[in-house]
Amino acid sequence: MSRIAFSLVGGAHQFLHGLPVAAALSRRAGVEVEAFVARRCDARAARELLVQLDGPAVQVREMSLPGWLEALAARGGAQSPLKVLRLARWAATLRGFDGIVALERTSAFLKQLPGRCPPLVQIPHGVGGARRAGGGGVDRRLALFDRALVSGEADRASTVALGLLEDAQIDVVGQVKLAGLRRLGRLERHRLFANQRPTVLYNPHFHARRGTWKTYGRALIEALRRDGRFNLVVAPHVRLCEGMGEAERAQLRGLSDPDWLLVDPGSQASMDMTYTLGADIYLGDFSSQLYEWLIYQRPCVFIDQVGDGGRDDTKLPEMWSTGEVVHRIEDVLPALERASARHGEFAPHQAEIVHHAVGDPNLPSDEIAAARILAMLESAREEA
């Protein structure tokens with residue numbers, strides 16, 4: 001019997017990167033899987049998704065804290081600093097399994113505690129290569145993992161080049177999220193508005209320096225409203241909105257106009273590629289959701305509000321090489337106007353980059369990852 005825990009403290013936006021693997025493992029004989037989530041709403045979402053993924057045998061447990069701490073956590077969202085306290089409180093339970101799979105690097109904390117920790121596996125929830133942090137340093141927490149199951153060769157190469165893991169500790173398995181969505185039958189493109197105007201997806205990041213929502217978000221909506229030639233979906237990275245109260249979220253949703261504008265502060269549609277599949281032009285700044293967009297190569301426009309070409313981050317120059325880059329809000333609309341005409345300049349490079357980042361998008365990555373995890377655990381037992 002192999003008992004495997006999935007640490008899902010990062011929140012529901014990461015579930016599609018890991019729960020397809022949990023479901024695949026649960027379908028193997030002699031394997032018991034439990035998924036640990038931060039909040040009650042996450043537990044509901046995880047159970048619903050697991051049923052759809054043919055993984056109802058996976059047990060889902062809420063990593064509860066004392067009531068007063070839960071009150072603080074509710075104000076901070078899934079990414080609250082209390083995430084570490086959840087891991088600390090539940091460490092003995094998690095470390096009692098034969099292996100632990102995590103979708104974010106905070107769970108490396110489990111390796112830093114005294115005593116035995118079982119093999120710790122990372123399935124990154126982003127793709128395109130390990131990244132230097134915004135200040136120029138390297139996030140060393142990945143080095144605490146025993147194994148990483150990455151999407152493509154870009155992730156393998158950069159992880160090794162940054163000295164985080166050895167090549168022998170890394171498996172390229174393809175993108176788990178794509179495999180999960182294919183299993184769910186959700187990888188087809190569908191129009192998002194009942195008209196023939198091109199639809200722009202504006203996907204701002206939560207990054208304090210690179211993210212453009214606070215600087216330009218409302219002004220961009222107004223500029224496209226006045227112009228009238230585009231539909232617009234505003235779907236920020238879910239972490240940008242997770243600290244908002246319901247009244248603020250409702251205010252943002254209230255900006256929507258079914259004729260041309262959809263503002264989504266964090267529904268399931270912002271996590272399951274509904275928008276990255278359905279839109280026609282990508283407008284962004286920093287997000288690795290770009291690689292999901294490039295599964296079907298289409299025009300891109302980027303806003304570099306810092307104006308430095310992304311030199312403090314190893315991913316940004318590559319991301320921004322897939323479309324036109326502008327630096328001022330008054331340059332955004334002209335760039336959108338010529339994006340389709342210029343797409344031929346960028347399409348071959350987009351195809352090359354997405355292949356390097358994701359590999360074959362048709363791989364059964366959930367099953368491949370499950371097999372790698374079980375092989376690692378078998379090897380660990382033989383060495384013990």
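This is a predicted model: local features need pLDDT of at least 70, side-chain atom pairs count only at pLDDT 80 or more; totals for chains, interfaces and linings use all residues.
**Cysteines**
- A disulfide is a covalent bond between the sulfur atoms of two cysteines.
- C41 takes part in no disulfide, and the nearest cysteine sulfur, which belongs to C241, lies 15 Å away.
- C41 counts as partly exposed because its relative accessibility is 36%, a value between the limits of 20% and 50%.
- C117 counts as buried because its relative accessibility is 15%, which is under 20%.

**Parallel sheet**
- An open sheet is formed by 6 strands, arranged in the order β10-β9-β8-β11-β12-β13, with parallel pairing.
- From one strand to the next, the twist averages 15°.
- Strands β8 (residues 199-203) and β9 (residues 231-234) run parallel and are joined by 4 bridges.
- Within this pair of strands, V200 stands opposite L232 of β9.
- In general, strands of a sheet pair through backbone hydrogen bonds, either parallel or antiparallel.

**Second largest pocket**
- The volume of the second largest pocket is about 330 Å³.
- This pocket is lined by 17 residues, of which A12, R39, R249, G266 and M271 are the closest to its centre.
- Helix α2 (residues 40-52) supplies the largest share of the lining, namely 3 residues.
- Sorted by class, the lining comprises 7 nonpolar, 6 polar and 4 charged residues.

Notes
Residues are numbered from 1 along each chain as its sequence is written. Side-chain values use heavy atoms; hydrogens and water are left out. On a 1 Å grid over the protein atoms alone, a cavity is a set of points where a 1.4 Å probe fits but cannot get out, and a pocket is an open set with protein on both sides within 12 Å along at least five of seven lines; lining residues have an atom within 4 Å of a point. Grid points are joined across faces, edges and corners, and a volume is the space filled by probe spheres set on the points. Helices (H or I, at least four residues) and strands (E, at least two) are DSSP runs, numbered from the N terminus. Ala, Val, Leu, Ile, Met, Phe, Trp, Tyr, Cys and Pro count as nonpolar, Asp, Glu, Lys and Arg as charged, and the others, Gly among them, as polar. A disulfide is a pair of cysteine sulfur atoms within 2.5 Å. Buried means under 20% relative accessible area, exposed over 50%, partly exposed in between (1.4 Å probe, protein chains only). Two strands pair if DSSP finds at least two bridges between them. Axes are lines fitted to C-alpha atoms, for helices over the stretch in contact, and angles run from 0 to 180 degrees between N-to-C directions.
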